[in-house]
Amino acid sequence: MSTRDFIEKDYYAALGVAKDADAATIKKAYRALARDLHPDKNPDNAAAEARFKDVSEAYDVLSDAKRRAEYDEARRLFGSGGFRPGGAGGFPGGAAGGGQPFDLGDLFTQAGAGGRAGGAGGIGDIFGGLFGGGAAGGPRGRSQAASGPARGQDVETEATLSFDEAALGVTVPLRMESPGTCPTCHGNGARPGTSPRTCPVCQGAGVTSRSQGAFAFSEPCRECRGSGSVVDDPCRDCKGSGVTTQTRTITVRIPAGVKDGQRIRLGGKGAPGRRGGPAGDLFVVVHVSGHDLFERKGDDLLLTVPVTYPEAVLGTTLTVPTLDGVVSLKVPAGTASGRTFRVRGRGVQAKSHAGDLLVTVEVAVPSRLSPAARAAVEALAAELVDDPRPEVTAAVVAGTRS
Ligand SMILES: [Zn+2]
Ligand SMILES: [Zn+2]
């Protein structure tokens with residue numbers, strides 16, 4: 001939650017309470033709304049979900065006396081409903097005076113470009129000085145002035161696994177890139193050996209006062225873009241921004257049984273939190289390579305095994321591979337080509353369920369025969385007097401009669 005949220009969002013309206021409502025009233029209003037809007041009660045209702053989030057966010061702030069005071073102060077300084085000139089409840093005195101419009105967008109753009117250090121802080125850091133206290137006159141303690149703990153961002157990455165790794169589970173190293181404090185200048189943006197100097201315009205406060213008609217109000221200093229200091233000799237690694245892209249390698253355990261295209265969530269493995277906040281989550285999109293022998297259908301493994309005609313006729317015991325070792329499979333006498341045998345529990349060993357190995361036997365027909373084999377097959381043919389396709393024969397006979 002940023003100061004910008006503070007300025008743009010009306011938390012009192014979200015909860016439907018008066019601005020001077022006491023803590024008990026706020027709690028009561030929140031409970032009633034949370035009950036009605038809860039996602040369990042409103043499945044697949046995006047509007048209710050959005051309202052639920054707004055209400056929760058509003059309660060987060062208003063239920064905390066310190067944050068509520070900061071919120072009230074931000075709203076008092078910058079007005080409610082944004083910076084529209086003449087807008088309802090604009091900044092002090094601005095509405096009626098028809099003064100020069102205050103361009104909020106411009107302010108935020110500058111904050112983004114110049115907001116250095118403190119991670120991805122930006123606007124929160126700039127306004128932080130207004131509410132952090134004790135800042136005027138000296139270099140601002142930025143970390144101290146910044147708002148409370150912030151959860152790290154969720155990060156998404158990809159991993160390509162072999163068929164076996166996906167089926168059995170694997171531990172893989174993943175390279176992650178994320179913005180972080182520049183290690184060369186420790187985030188202050190100045191070249192090592194030099195240091196930033198206090199901004200001469202705002203004397204390090206990061207804010208300046210501006211008069212408009214009879215009124216004065218504060219805005220982020222344009223000279224130092226709100227940081228309170230000026231860098232004469234920028235750090236070469238981060239070009240003075242104080243932030244560089246850092247690569248870290250983390251080791252993650254991919255559970256057994258993941259499927260191609262699956263997105264797995266690894267809680268707390270995302271970007272680190274700021275100011276003591278919890279880390280975000282890591283999402284890994286898994287790509288699984290094919291296998292020479294096996295196919296996969298859910299948690300079952302499919303394997304086709306060619307057999308000879310005598311094996312199918314007389315029966316045999318096959319030794320077939322699995323992902324971890326081999327199994328014996330008894331093929332009974334008189335097995336038809338294409339019949340599938342199920343070997344229970346020898347498929348993919350997913351966490352909740354072990355799949356089966358499905359072995360399909362297929363009679364292989366040799367394309368070449370030795371003279372002796374040919375003679376044996378011909379002798380066999382002479383012995384096989386039963387018609388293998390009586391229905392077809394009957395239909396053919398019926399067809400020639402009509
Ligand atoms: Zn640097
Ligand atoms: Zn300044």
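This is a predicted model: local features need pLDDT of at least 70, side-chain atom pairs count only at pLDDT 80 or more; totals for chains, interfaces and linings use all residues.
The protein has 402 residues, of which 38% count as buried. Its secondary structure consists of 13 helices and 15 strands. One zinc ion (ligand 1) is held by Cys182, Cys185, Cys235 and Cys238, and another (ligand 2) by Cys199, Cys202, Cys221 and Cys224.

**Overall features**

- The accessible surface of the protein comes to about 22,900 Å². Carbon and sulfur atoms account for 52% of that surface.
- Take the contacts between residues at least 6 apart in sequence: 63% of them join residues at least 24 apart.

**Zinc ion (ligand 1)**

- The SG atoms of Cys182, Cys185, Cys235 and Cys238 coordinate this zinc ion at 2.3 Å.
- Along the chain, the donors of ligand 1 follow the spacing C-x2-C-x49-C-x2-C.
- The arrangement around ligand 1 is tetrahedral because its 4 donor atoms subtend angles of 102 to 116°. For four tetrahedral donors, the ideal angle at a metal is 109.5 degrees.
- Cys182 and Cys185 are both buried.

**Zinc ion (ligand 2)**

- Here the SG atoms of Cys199, Cys202, Cys221 and Cys224 coordinate the metal, at 2.2 to 2.3 Å.
- The 4 donor atoms around ligand 2 subtend angles of 102 to 115°, so this arrangement is tetrahedral.
- The donors of ligand 2 are spaced C-x2-C-x18-C-x2-C along the chain.
- Cys199 lies in the loop between β3 (197-198) and β4 (207-212), while Cys224 lies in the loop between β5 (215-220) and β6 (229-230); the pair therefore ties together parts that are 25 residues apart in sequence.
- In an unreviewed UniProt entry, the annotation "binding site" covers Cys199, Cys202, Cys221 and Cys224. These residues span 26 residues in sequence, yet no two of their C-alpha atoms are more than 9.0 Å apart, so they gather at one spot.

- Cys199 and Cys224 are both buried.
- Cys221 is found in the loop between β5 and β6. Cys221 counts as buried because its relative accessible area is 2%, and buried means under 20%.
- Leaving out residues up to four places away in sequence, Cys221 touches Cys199, Val201, Cys202, Gly206, Val207, Thr208 and Gly226.
- Cys224 is also in the loop between β5 and β6. With a relative accessible area of 5%, Cys224 is buried.

**Nonpolar cores**

- The largest nonpolar core has 22 residues. Tyr11, Leu15, Val17, Ile26, Leu62 and Tyr71 have the most contacts inside this core.
- At least two residues of this core come from each of α2 (11-15), α3 (23-37), α4 (46-62) and α5 (65-78).
- The largest share of this core, 7 residues, is supplied by α4.
- Another core, of 20 residues, lies apart from the largest one. Its members include Leu303, Val305, Val348 and Leu357.

**Positive phi values**

- Most residues other than glycine have a negative phi.
- Arg225 has a phi near 55°, a positive value in a residue other than glycine. Arg225 is found in the loop between β5 and β6, and its relative accessible area of 36% makes it partly exposed.
- Lys239, which is not a glycine, also has a positive phi, near 55°. Lys239 is placed in the loop between β6 and β7 (243-254). At 69% relative accessibility, Lys239 counts as exposed.

**Other loop residues**

- Pro192 lies in the loop between β2 (170-181) and β3. Pro192 is exposed because its relative accessible area is 51%, and exposed means over 50%.
- Gly267 is in the loop between β8 (263-266) and β9 (282-288). Gly267 has 48% relative accessibility and so counts as partly exposed.
- Gly267 and Ala279 are 12 residues apart in sequence, and their C-alpha atoms are 8.4 Å apart in space.

Key
Residues are numbered from 1 along each chain as its sequence is written. Chains are lettered from A and ligands numbered from 1 in the order in which they are written. Side-chain values use heavy atoms; hydrogens and water are left out. Donors are N, O and S atoms within 2.8 Å of the metal (3.2 Å for Na, K and Ca); water is not among the atoms, so sites may look incomplete. Four donors count as tetrahedral if all angles lie between 85 and 135 degrees; four count as square planar and six as octahedral if opposite donors are over 155 degrees apart and all others between 65 and 115; anything else is irregular. Helices (H or I, at least four residues) and strands (E, at least two) are DSSP runs, numbered from the N terminus. Buried means under 20% relative accessible area, exposed over 50%, partly exposed in between (1.4 Å probe, protein chains only). A nonpolar core is a set of buried Ala, Val, Leu, Ile, Met, Phe, Trp, Tyr and Cys residues joined through side-chain atoms within 4.5 Å. Contact means heavy atoms within 4.5 Å. Accessible areas come from the Shrake-Rupley method with a 1.4 Å probe; for residues, only the protein chains shown count as cover. UniProt positions are given in the numbering used here, feature names are shortened, and annotations may be inferred rather than shown by experiment.
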